[in-house]
Each structure stands twice: as C-alpha cells, then as structure tokens.
Number of protein chains: 2
Amino acid sequence: MKELENTLLEKQINPTAMRLVVLDYLLKQTNAVSLTDMELGLEKTDRVTLYRSVKTFEEHGLVHRIDDGTGTTKFALCQPACTVDGHHDLHVHFYCTNCSETHCLPKTQIPEVKLPGGYERQETSLLVKGLCAECRK
Amino acid sequence: MKELENTLLEKQINPTAMRLVVLDYLLKQTNAVSLTDMELGLEKTDRVTLYRSVKTFEEHGLVHRIDDGTGTTKFALCQPACTVDGHHDLHVHFYCTNCSETHCLPKTQIPEVKLPGGYERQETSLLVKGLCAECRK
DNA sequence: AATAATTTGCACTACGATTGCAGGGCATAC
DNA sequence: GTATGCCCTGCAATCGTAGTGCAAATTATT
C-alpha cells in the first residue's frame, strides 16, 4: 500500500496515519463528501482533524472544495493536473435535488464567460442543480 | 409612494409596513445584501422577520437568493421576468475578493452547459470571483 | 535516544439558518 | 362595535457547521 503514501509525498504532504486513512476514504468515494460524511464514514476520527486534513490536502492541490449551495462545504479529489499553485479543474459540479448528492462532472468544462468591462476574473464556479441519472430512473 | 405597494401587490404579497420597508431598502442597494446587512441598514428590525420577509419575496419571485461562496446567503431583487413559477434570471454573479461585495451581472448570461447523459438540469448558477471595477483601480 | 517540529484530539467559541410560540394588528362576519 | 380568525412580527431558543487555542501525542531530525 505504498500507493497512498506516494500520492501524498508527490504533493509534498507528510504521510501520517490519519492522512492516509482520509486519502483512502476519499479515493473510495464517487461523490463529493462533507466533513460530516467523513466523520461518519471513518472510525475514531475527530472532526477538527478531518477539517485540517482536507485543508492541508486542498492547499497542496490534492482535493478541491465544492460549494453546492446546501451551505455545507464538500470535498473531492482533484484531477492530477492540480498543483500547489492552483486548482485547474474548471469542471462543473452537479447537485441532485432528490438524493442530495454532489457529483463532479470532470468532462464538463465551464464555458468561457465574458465579463463586463472592469471586472477581473480570478476563479469561476458553475453549479447545476437537477436530477442525477440514478434519481431520474 | 404607492409604487412600492403596487410592486408587492403585483406579486401577490400583502403590503405590510415591514415588507414595504424591506422592499424600499432592497431597491436602494446596488449589491446583493445579506440578512446582516439588512439588519444593520434598517432600524428597529428583527433578523427573523427579515429572514421571513425575503423568504416570502423569494417565493413570490421578487428577490433571488445568491450563494457567493462566503457561506452567507445574499439576496437581490429579481428581473421583472421572474414569477412565482420560477426565477428566470440566469445571470452571472460576481464576488469581489477584495471588497467582499457581491454583484449581479444581469447582462451576462450563463452559457449553455451540456450535461452528461442521464442528468437533468433544473437550475444553473455561475459565480465568478475576482476583482470588481472599483477595486481594480 | 534526545530533541525539535508537526500533527492530533478535546474543549470551546462564533455565527448563520431556522423553528416554536406568544402577542399584536387587521379584516371580516355577525 | 365586538368577536373571530388569520397573518405578521418579535423574542427566545435550537441546531449545525466552521474555526481557534492549547496540551498531549506522534513523527521527523540529529
């Protein structure tokens, strides 16, 4: 299981026991997860530690934070292209109003947006709400 | 000042004293405002009443709610096209990372987004963060 | 192995969102 | 004009998440 460890090392993150567990958990998720999700999904964890773990991950370009409009921040692993310098996954996020799950749509890019004069973009996020494939069946 | 009253009546909202004050306040704003902003900007108001006022407004298609990623919900008056049936202002919102103000960009439409198969869109929101015209000077 | 640096866990704070409920105001019916 | 009921308002209180401070534990360094 050196895999996990290398993933962290590549991103300049100390591979502590806790962090390996968190990374392992994140790898198994198909959705973006909240801190509460992680807390419930992992044994013997402290919320604040999780909070700090994902924060570290985020700062090192390993996960990105998603605001799906529910008021609760969710997290998901980044695409490999993300670095410490910034997150490069300008993909769309999807929130299902039925099952309340939040998905990354890595293949759906955010289209170019022309801002009015004077405005300078630093970051763009696009959230679509609706029904996911599962819930539509 | 029957103006305000008519605006409410048109949207099927009882024009109470409180609501007229809130509407008046909203009309004077150039930015999206939070409940706290409103609380501070108006005398003699209760947060919960404000909360319920804008909620009523929202349900009747008079204001829309904006999530600018700060964790605090903001509100702004809708375009006239909005109705009880839904909000039709698919415009972009802009959050200035310097002055923390949130603006509606009513002329900047959200581009069409092609979702992967199976997903069904109900709502789309696009938030751009960066520097506003003022802060860039 | 000793020491320094980082990480973790607990306690606690802060704050926004939201609900329950009682009182007030207004309109309508009688 | 008085009673009835409905809607609105304001206060108190609850809930849930984010975040901080500090001491203990773990990990890295020499």
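A: The answer below starts at the interface, moves along the sheet and ends at the helices and the DNA.

This is a predicted model: local features need pLDDT of at least 70, side-chain atom pairs count only at pLDDT 80 or more, and totals for chains, interfaces and linings use all residues. Residues are numbered from 1 along each chain as its sequence is written, while chains are lettered from A and ligands numbered from 1 in the order in which they are written.

Start with the contact itself. Here 30 residues of chain B are in contact with 30 residues of chain A. Contact is defined by C-beta atoms, placed from the backbone, that lie within 7 Å. On the side of chain B that touches chain A, β4 (91-96), β5, β6 (120-131) and α5 (133-136) each supply at least two residues. Helices here are DSSP runs of H or I with at least four residues, strands are runs of E with at least two, and both are numbered from the N terminus. The largest share comes from β6(B), with 12 residues. By class, this side of chain B holds 14 nonpolar, 8 polar and 8 charged residues. Ala, Val, Leu, Ile, Met, Phe, Trp, Tyr, Cys and Pro count as nonpolar, Asp, Glu, Lys and Arg as charged, and the others, Gly among them, as polar.

Next, the strands that join the chains. Strand β6 (residues 120-131) of chain A pairs with β6(B) in the antiparallel sense, over 11 bridges. Pairing requires that DSSP finds at least two bridges between the strands. L126(A) stands opposite L126(B) in β6(B).

Axes are lines fitted to C-alpha atoms, for helices over the stretch in contact, and angles run from 0 to 180 degrees between N-to-C directions.

Strand β4 (residues 91-96) of chain A and β5(A) run antiparallel and are joined by 5 bridges. H91(A) has Q109(A) in β5(A) as its bridge partner. In chain B, β4(B) and β5(B) also pair in the antiparallel sense over 5 bridges. There V92(B) is bridged to L105(B) in β5(B). The hairpin of β4(B) and β5(B) has 5 residues between the strands, and S100(B) in it takes a positive phi near 65°.

Now the helices. α2(B) and α4(B) pack at about 75°, with their axes 10 Å apart. They are therefore roughly perpendicular to each other, a label for angles of 65 to 115 degrees; under 35 counts as roughly parallel, over 145 as roughly antiparallel and the rest as oblique. M18(B), R19(B) and V22(B) of α2(B) meet T49(B), L50(B) and S53(B) of α4(B). This contact has 3 nonpolar, 2 polar and 1 charged residues.

Finally, the DNA. DNA strand D is surrounded by 20 residues, the closest being T73(A), T16(B), M18(B), D46(B) and T49(B). A residue is near a molecule or strand if its C-beta atom, placed from the backbone, lies within 6 Å of it. α4(B) gives the most to the surface near DNA strand D, with 4 residues. Around DNA strand C there are 17 residues, of which N14(A), T16(A), M18(A), T49(A) and T73(B) come nearest. Here α4(A) gives the most, again with 4 residues. The surface near DNA strand C divides into 5 nonpolar, 9 polar and 3 charged residues.

Technical notes. Contact = placed C-beta atoms within 7 Å.
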